[in-house]
Amino acid sequence: MELFSLPSLFLVSTLFIFYISKYVLNKRNQRNCFMLHYECYKGQDERKLDTETCAKIVQRNENLGLEEYRFLLRTMVSSGIGEETYGPRNVLEGREASPTLLDAHSEMDEIMFDTLDKLFHKTKGLVSPSDIDILVVNVSLFAPSPSLTSRVINRYKLREDIKSFNLSGLGCSASVISIDIVQRIFETRENSFALVVSTETMGPHWYCGKDRSMMLSNCLFRAGGSSVLLTNAPRFKNRALMKLVTAVRAHVGSEDEAYSCCIQMEDKDGHPGFLLTKYLQKAAARALTLNLKVLLPRVLPLKELIRYAIVRAFKGITTTKGESRSSGLGLDLKTGLDHFCIHPGGRAIIEGVGKSLGLTEFDIEPARMALHRFGNTSSGGLWYVLGYMEAKKRLKKGDKILMMSMGAGFESNNCVWKVLKNLDDKNVWEDSIDRYPETSKIPNPFLEKYDWINDDTMSFVRV
């Protein structure tokens, strides 16, 4: 006797194929990570740190002698930072030596809620706060209780079953780490929405001592941050700005010099601050190299990888003893990548990354301009660079963007996005994009007003 008739076998086979197809489709959709919108913080005009304001802040520090004063002014001149960056309120009000908990909360509230309010307004009718399934907030130097994620949940009355993550101590690279966390959660949750809030609290951590390696943070870091809305729901593909292609993380913190090259500490006089050592560039280069070894084979075409392997092998055969191999990456990144979103951590970092990867001035322009206009805003900095590219109408459908970030630990966390539509929003750059890059070429006002800082005959003076 036959167990199954032909129609029954056909029905069973059809159902089997249907469920297998559905399973495969769901797994593929769960790997999706679409960027629906992002917003960057822009302070009010009265919060700008222009030449005069910076000079007054430096002069208030009674611990500085003339040599330290000259060092700070020289650093400001060569930093690549312009006249329109934003400072924390307590520093502008002259209270940097005695910050309060309220100062820290106020700074965070202003940045987080400003960007989130604008984000929800821009996506009204598409996503509401009650739709958010995952929330990741990263702020390295401020970890209050209740957490900042709880502060956001309370403000927007997010759902009781939301998955929240509060990250601290991860430095400028925390935004990409947050993106990676969201992507991994998306693999286990269908049709979900996530928020990533990236910023830093500067006011309560303003350095008031005279250690040169710790004074650098005051010259580079500025108030800023971003909020990003992500989803893995396939129905939003046509509404999304970009899709995440891959994310790779590398950590070299097992090396003592790398671990301690970018570290929060107190100086010998007990003043808390952030130490930046000369090993930072070496640690950044090592972490970035390890990262790209994994990331680039995922995004560059096979023919470029084969070409690179053949060239490297040929050089290995022809290089004689005593000769050094040519420096540089050797790979043509433009074969698989169109834009390079470098963390605007400082002029030396931007130019160093550009040189090591064989990038042009056009490629590193967005990072340099973001540094000039907004300064180093820590983990939110990458989004100001992305905003510059979009405001300049550089991002076209199908383009791929490499986001490169580095942070304390020491680590390098990078990701690649694919642009899903032509982008031309002027965003946070709206009032200044037409002035760039020309504005960045204007000599720093310190050069003229404080020209004596480069007079070496002043070096004998001690105050």
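Predicted model: local features only at pLDDT ≥ 70, side-chain atom pairs only at ≥ 80, totals over all residues.
The protein contains 15 helices and eleven strands. Of its 463 residues, 52% are buried. Among contacts between residues at least 6 apart in sequence, 81% join residues at least 24 apart.

Nine strands form an open sheet of mixed pairing, in the order 3-2-4-5-1-6-11-10-9. Strand 3 (163-167) and strand 9 (339-342) stand at the edges; each has a single partner strand, so one side of each lacks a neighbour in the sheet. From one strand to the next, the twist averages 20°.

Strands of a sheet pair through backbone hydrogen bonds, in either a parallel or an antiparallel sense. The parallel sense is found between strand 2 (residues 134-139) and strand 4 (residues 193-199), which pair over six bridges. Within this pair, Leu 135 has Leu 195 of strand 4 as its bridge partner. Strand 4 is also joined to strand 5, here by seven bridges and in the antiparallel sense. Phe 193 is bridged to Thr 231 of strand 5. Strand 1 (residues 34-40) likewise runs antiparallel to strand 5, and six bridges join the two. In that pairing, the bridge partner of Met 35 is Leu 230 of strand 5.

Strand 5 is mostly covered, with seven of its seven residues buried. In a regular strand the side chains alternate between the two faces of the sheet. In strand 5, Gly 225, Ser 227, Leu 229 and Thr 231 point one way, while Ser 226, Val 228 and Leu 230 point the other way, and all are buried.

Helix 10 (residues 280-299) lies across strand 6, strand 10 and strand 11, and runs at about 140° to strand 6.

Contacts between helices form a further part of the fold. Two packed helices are described by the angle between their axes and the distance between the axes. For helix 13 (residues 361-374) and helix 14 (residues 381-391), the angle is about 115° and the axes are 8 Å apart. Helix 13 is therefore roughly perpendicular to helix 14. The crossing of helix 13 past helix 14 is right-handed. On the side of helix 13, the contact involves Glu 365, Pro 366, Ala 367, Met 369, Ala 370 and Phe 374, which meet Tyr 384, Val 385, Tyr 388 and Met 389 in helix 14. Nine of the residues in this contact are nonpolar, none is polar and one is charged.

Gln 264 is located in strand 7 (residues 262-266). Leaving aside residues up to four places away in sequence, Gln 264 touches Leu 141, His 205, Gly 273 and Phe 274.

Conventions: Residues numbered from 1 in each chain as written. Heavy atoms only, no water. Pairing = 2+ DSSP bridges. Helix = DSSP H or I, 4+ residues; strand = E, 2+ residues; numbered from the N terminus. Axes fitted to C-alpha atoms, helices over the stretch in contact; angles between N-to-C directions. Contact = heavy atoms within 4.5 Å. Parallel < 35°, antiparallel > 145°, perpendicular 65-115°, else oblique. Left-handed = near helix turned anticlockwise from the far one by under 90°. Nonpolar A, V, L, I, M, F, W, Y, C, P; charged D, E, K, R; others polar. Buried < 20%, exposed > 50% of the residue type's maximum accessible area, 1.4 Å probe, protein only.
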